[in-house]
Amino acid sequence: MTDPVTILGEYRDAVEGTAVTESTVHLKSDDLFQNWRRVSLSADFIARYYSYFFPYKEKAQEMLDRESAENSISFVLNELIENTAKYSDAGKKEVEITICMLGTFVLFNISNFVKEELAESFLKVAHEILDGDPEELYIKKLEKNIEETTGGSGLGYLTLINDFGVALGFRLEKMGPDLVKVTVQAKMKFKEA
Amino acid sequence: MELKGEDFIVALNESKNAVEFFGTIRLRDSSDYKSISDLLEDAHGKAAGTLILDFRNLQFLNSAGINTISKFVITARKSEKIALRVLGNEQISWQQKSLKNLQKLWAQVQIEIH
């Protein structure tokens, strides 16, 4: 990384005062990694908490209902938090999850800290995902990786894009020598504009 | 044969020719999924005719798990030994969104989401 800040994909900076509601959760990647069920628990907690902003199915018109919102938010967050638990190798192993609800969509910002080398390979994966046709890429990767048992292929991100209609943005910021803050932003629409 | 995790059960029900999934499966990576893919391989070996993959009681499966199932579908397609039928629950949104993709890997997979 040569630039202090690199932004890829659809990434929005916070807009003061426009959110319906917003919260931030701080976790440690080591804790998540040591007991893996903490990842799922964190995703489920936030999803349930935010599901109360959505109406029951009977009342949900042109908008995600409560049960679907909870299941989808949990799925999306779980994937993003899993990545921070797996790929944090620098700094104080801090993970920050910000959930910002706007009029027609929710923005999830998930950040963690990595070394330069990991940041570079992450950038490559991000470029690959954003530059190609995500459906084609997903199938191609699956067919290709059939014999492989290693992760880090970006299939999780592709699932979010293809199946959950999520738009992804990536922001990498140099914070010091061999220290990069990675923020993945997922935009999930819940209502037609 | 049955696999029990802290939050899930995967059971091979030989009388129904079915692999049944219960709970939440969000394991770390494909090496953690090995026991589940072994069970699927085992079911594939024993099954005759149609093998059912029953997800109706599975609240969550993470992308690593979806990959495990997808790879199994590709393997089954290549061997052409049996047919596959996938059962899903329309009340569970990830199933509605992701299970249909299995048909992109093998057009003959029968998918029923109710």
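**View 1. Chain A meets chain B.** The contact draws on 24 residues from chain A and 24 residues from chain B. Two residues are in contact if their C-beta atoms, placed from the backbone, lie within 7 Å. On the side of chain A that touches chain B, α2 (37-51), α3 (66-86), α5 (134-144) and α6 (155-164) each supply at least two residues. The largest share, nine residues, comes from α3(A). By type, that side of chain A divides into eight nonpolar, ten polar and six charged residues. Ala, Val, Leu, Ile, Met, Phe, Trp, Tyr, Cys and Pro count as nonpolar, Asp, Glu, Lys and Arg as charged, and the others, Gly among them, as polar.

This is a predicted model: local features need pLDDT of at least 70, side-chain atom pairs count only at pLDDT 80 or more, and totals for chains, interfaces and linings use all residues. Residues are numbered from 1 along each chain as its sequence is written, while chains are lettered from A and ligands numbered from 1 in the order in which they are written.

**View 2. The open sheet of chain A.** Six strands form this open sheet, in the order β1-β5-β6-β4-β3-β2, with antiparallel pairing. Helices (H or I, at least four residues) and strands (E, at least two) are DSSP runs, numbered from the N terminus. Two strands pair if DSSP finds at least two bridges between them. β1 (5-9) and β2 (21-28) of chain A are the edge strands, each pairing on one side only. Neighbouring strands are turned by 15° against each other on average, direction ignored. α3(A) packs on the sheet and touches β3 (94-101), β4 (105-114) and β6 of chain A. The direction of α3(A) makes about 15° with that of β4(A). Axes are lines fitted to C-alpha atoms, for helices over the stretch in contact, and angles run from 0 to 180 degrees between N-to-C directions.

**View 3. Strands β5 and β6 of chain A.** β5 (residues 167-176) and β6 (residues 179-189) of chain A pair in the antiparallel sense over nine bridges. A:Gly176 has A:Leu179 of β6(A) as its bridge partner.

**View 4. Helix α1 of chain B.** The 13 residues of α1(B) (residues 34-46) should span 18 Å at 1.5 Å a residue, and the end C-alpha atoms are 18 Å apart, which agrees. The expected span is 1.5 Å times one less than the number of residues. B:Ile36, B:Leu40 and B:Ala43 are the buried residues of α1(B). They cover an arc of only 60° around the axis, so they lie on the same side of α1(B). The arc is that of the directions from the helix axis to the C-beta atoms. An α-helix has 3.6 residues a turn, so residues three or four places apart point the same way. The face turned away from the buried side of α1(B) carries the exposed residues B:Asp38 and B:Gly45. A residue is buried if 20 or more other C-beta atoms lie within 10 Å of its own, exposed if 12 or fewer, and partly exposed in between; C-beta atoms are placed from the backbone. The buried residues of α1(B) pack against β1 (2-4), β2 (8-13), β3 (18-25), β4 (50-61) and α2 of chain B.

**View 5. Helix α2 of chain B.** Twelve of the 17 residues of α2(B) are buried. Among them are B:Ile66, B:Ile69, B:Phe72 and B:Val73. B:Glu80 follows α2(B), with a positive phi near 55°.

View 6. β2(B) and β3(B) run antiparallel, joined by six bridges. B:Phe8 has B:Gly23 of β3(B) as its bridge partner. Their hairpin has four residues between the strands, and B:Asn17 takes a positive phi near 60° there. β3(B) and β4(B) run parallel, joined by seven bridges.
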